[in-house]
Amino acid sequence: MIQLRTGTDLVTDVTAEVHRFCRGRGDGLCHLFVPHATAGLALIETGSGTEPDLAEAVDRLLPRQDIYRHRHGSTGHGRDHVLPAFVSPSLVLPVLDGQPALGTWQSVVVVDSNVDNPERRLRLSFVAA
């Protein structure tokens, strides 16, 4: 289990943590899961403008206004609870020789727009091949 702080930015890069977890485990599958009602996991290219592009896309698709039935917390918090329907809270990665088999530009990120609770957990598990 990895403890994270999110909420300041929509995207939190956890690629290094995933690499550390997989190191020395051989071939298999790494399963990642964020056990939260407002967070998801994605594979994106980071550092090239994708993070603000994703934030703008989420804002267009799921505006932060108070238009949701789910209304406790900060303004638009209902959007936070809809997000995991579009950005899955789990992800499975192939692992080869103890390294996640990511594409050249792929990074593993937690996507979380919930500013009310910045404390998050990332659960990782491994199934050997």
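The following questions and answers explain how terms are applied to this predicted model.

Residues are numbered from 1 along each chain as its sequence is written. In this predicted model, local features need pLDDT of at least 70 and side-chain atom pairs count only at pLDDT 80 or more, while totals for chains, interfaces and linings use all residues, and side-chain values use heavy atoms, with hydrogens and water left out.

Q: Why is Asp97 called exposed?
A: A residue is buried under 20% relative accessible area, exposed over 50%, and partly exposed in between (1.4 Å probe, protein chains only). Asp97 has 66% relative accessibility, and therefore counts as exposed. Asp97 is found in the loop between S5 and S6.

Q: What is Asp97 in contact with, leaving aside its neighbours within four places in sequence?
A: Contact means heavy atoms within 4.5 Å. By that rule, Asp97 touches Gly26 and Asp27.

Q: Why is Leu29 called partly exposed?
A: The relative accessibility of Leu29 is 43%, so Leu29 counts as partly exposed. Leu29 belongs to strand S3; strands (E, at least two residues) and helices (H or I, at least four) are DSSP runs, numbered from the N terminus.

Q: What makes Leu29, Val92 and Val127 a nonpolar patch?
A: Patches are made of residues with over 30% relative accessible area and no salt bridge; nonpolar side chains (Val, Leu, Ile, Met, Phe, Trp, Tyr) are joined within 5 Å, and like charges within 9 Å. Leu29, Val92 and Val127 form such a patch on the surface, with about 260 Å² of accessible area together. Accessible areas come from the Shrake-Rupley method with a 1.4 Å probe, and for residues only the protein chains shown count as cover.

Q: What makes the contact of Arg5 and Glu119 a salt bridge?
A: A salt bridge is a side-chain nitrogen of Lys or Arg within 4 Å of a carboxyl oxygen of Asp or Glu. The N to O distance for Arg5 and Glu119 is 2.0 Å, and their side chains meet in a salt bridge. Arg5 lies in strand S1 (residues 2–5) and Glu119 in strand S8, so the pair ties together parts that are 114 residues apart in sequence.

Q: How do you know that Arg120 and Asp112, which form a salt bridge, are buried or exposed?
A: Their closest N and O atoms are 2.6 Å apart. Arg120 has a relative accessible area of 3% and is therefore buried. Asp112, at 0%, also counts as buried.

Q: Which residues are linked with Asp59 in a network of salt bridges?
A: The network joins Asp59, Arg64, Arg79 and Asp80. Within it, Asp59 and Arg79 have their closest N and O atoms 3.0 Å apart. Asp59 is in helix H2 (residues 50–61) and Arg79 in helix H3 (residues 77–82), 20 residues apart.

Q: How do you know that the buried residues of H1 line one face of the helix?
A: The buried residues of H1 (residues 15–22) are Thr15, Val18, Phe21 and Cys22. Seen down the helix axis, they fall within an arc of 125°, so they line one face. The arc is that of the directions from the helix axis to the C-beta atoms.

Q: Why is strand S4 called largely enclosed by the rest of the structure?
A: Five of the six residues of S4 (residues 39–44) are buried, so the strand is largely enclosed.

Q: What makes S4 and S7 a pair?
A: Two strands pair if DSSP finds at least two bridges between them. S4 and S7 have six bridges, in the antiparallel sense. Ala42 has Val109 in S7 as its bridge partner.
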